[in-house]
Amino acid sequence: TPDYAGYQELFDSAHRDLDPVHISTTEDSAFAVTPGRFAEVAQDLDSFMCSNPCNPTGHLIEGEELSSYCHTARSTDCLLVMDEFYSHFIYKDSIDGSDCGGVSAAQHVVDPNSDPVLVIDGMTKSFRYPGWRLAWAVGPPELIKAIGCAGSALDGGPSTVSQCMALKALEVDYMQSETRALRDTFTQKRDMMYSRLTRMGFRCLPCDATFYMWCCLESLPEPLNTCMGFFTAALDKKIIVGPGKFFDINPGGRRTGLSAFDGWIRLSFGPCMDNISAGLDRMEELLRSHGALCKLPVSTPKAVAKRLLHNIRETYTSDTEADVEPDTEEETINDWNSDEDCCSEIEANLY
């Protein structure tokens with residue numbers, strides 16, 4: 001952990017047939033199980049499951065690391081289950097500077113008939129067709145046959161219509177054009193969110209992939225320094241965040257005590273740029289209303305600055321109020337080094 005919160009229900013529903021083993025991670029490794037660590041634990045595992053790229057951290061296992069994972073699976077006969085739903089949301093270029101495209105463990109499979117590697121993907125994320133409810137699994141024939149038998153008994157499988165539509169959407173030229181445009185668009189949103197969050201004082205993982213930002217709350221004042229405290233306060237500002245503890249997969253609640261991710265939250269830059277910017281404006285208001293130190297972005301519209309001015313004054317200056325005439329003109333507010341300078345700079349641009 002951390003990993004996709006939906007795994008919790010999946011494992012809980014099959015708890016009688018599973019003996020889950022928790023593998024802890026640290027921030028030093030971007031909360032990922034390193035290839036060396038996987039080689040150690042795989043000796044005693046029947047299977048190992050993770051999302052790659054990772055939801056919620058945005059970390060990507062690729063290249064030699066991913067190859068090492070597949071080698072370990074072969075040598076230990078540990079089934080490697082890779083959830084690759086975000087495999088085209090990747091913001092890193094290849095070594096030669098070209099668009100790296102998607103990343104998959106399938107690239108490192110030696111014998112598709114025997115390598116214990118199961119790749120899971122679908123139309124929902126990278127291809128942006130969530131309503132089709134269509135996914136697939138790629139792996140050794142015997143395993144796929146077993147999955148097919150179970151699936152047909154559970155829900156009968158996806159409709160023929162959605163399968164035919166997916167074939168068209170997955171045609172190579174069309175698919176590459178669409179996913180390239182996706183990466184171009186989401187790179188801009190990722191860069192904007194990362195820049196503004198770090199200026200607010202959050203410590204965020206770099207986010208090599210997915211459309212999530214994994215943010216540490218430890219520098220914030222109470223109650224914002226815990227995931228549920230932040231979640232509750234953010235709701236008052238009409239902001240939705242993913243509390244970190246929900247990604248601490250714990251089948252059957254076997255592990256007790258405080259979650260290792262109680263001081264983390266997941267933010268999404270999936271919405272359009274305007275909605276992301278509006279949400280970050282509200283988050284700045286939230287932080288200042290609790291006395292947290294943060295800076296406005298280098299270029300801030302007057303309308304946004306005026307909304308924040310009231311909270312800034314309450315926190316750092318007197319309660320004196322001023323009548324500010326409505327003004328929609330955008331003006332640049334220069335950077336500052338302290339919150340006292342922040343108040344002065346905003347007032348100088350508003351009056």
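Reader: Why is Phe31 called buried?

Author: Phe31 has a relative accessibility of 8%. Buried means under 20% relative accessible area, exposed means over 50%, and partly exposed is in between (1.4 Å probe, protein chains only). Phe31 therefore counts as buried. Please keep in mind that this is a predicted model, in which local features need pLDDT of at least 70, side-chain atom pairs count only at pLDDT 80 or more, and totals for chains, interfaces and linings use all residues. Residues are numbered from 1 along each chain as its sequence is written, and side-chain values use heavy atoms, with hydrogens and water left out.

Reader: Where does Phe31 lie, and what is its phi?

Author: Phe31 is in the loop between α1 and α2 (35–41). Helices (H or I, at least four residues) and strands (E, at least two) are DSSP runs, numbered from the N terminus. The phi of Phe31 is positive, about 55 degrees, although the residue is not a glycine.

Reader: What makes Arg128 partly exposed?

Author: Its relative accessible area is 44%, so Arg128 falls in the partly exposed class. Arg128 lies in the loop between β3 (117–122) and β4 (135–138), and has a positive phi of about 60 degrees without being a glycine.

Reader: How do you know that Met82 is buried, and what is it in contact with?

Author: The relative accessible area of Met82 is 0%, so the residue is buried. Met82 belongs to strand β2 (residues 79–83). Contact means heavy atoms within 4.5 Å. Leaving aside neighbours within four places in sequence, Met82 is in contact with Cys50, Asn52, Leu66, Ala105, Leu118, Val119 and Ile120.

Reader: Is Phe231 buried or partly exposed?

Author: Phe231 is partly exposed, because its relative accessible area is 22%. This residue is in helix α7. Beyond its neighbours within four places in sequence, Phe231 is in contact with Val241 and Pro243. The C-alpha atoms of Phe231 and Pro243 are separated by 6.5 Å, with the two residues 12 apart along the chain.

Reader: Why are α7 and α8 called roughly perpendicular?

Author: Helix α7 (residues 227–236) and helix α8 (residues 273–289) pack at about 115 degrees, with axes 10 Å apart. Axes are lines fitted to C-alpha atoms, for helices over the stretch in contact, and angles run from 0 to 180 degrees between N-to-C directions. Angles under 35 degrees count as roughly parallel, over 145 as roughly antiparallel, 65 to 115 as roughly perpendicular and the rest as oblique. The pair α7 and α8 is therefore roughly perpendicular. Phe230, Ala233 and Ala234 of α7 make the contact with Met283, Leu286 and Leu287 of α8.

Reader: And what makes α6 and α8 roughly parallel?

Author: The axes of helix α6 (residues 172–200) and α8 come within 11 Å and cross at roughly 5 degrees, so α6 and α8 are roughly parallel to each other. By class, the contact of α6 with α8 has nine nonpolar, two polar and four charged residues. Here Ala, Val, Leu, Ile, Met, Phe, Trp, Tyr, Cys and Pro count as nonpolar, Asp, Glu, Lys and Arg as charged, and the others, Gly among them, as polar.

Reader: Which peptide bond is cis in the stretch from Glu222 to Pro223?

Author: The bond from Glu222 to Pro223 is cis, with omega near 0 degrees. Pro223 sits in the loop between β6 (212–216) and α7.
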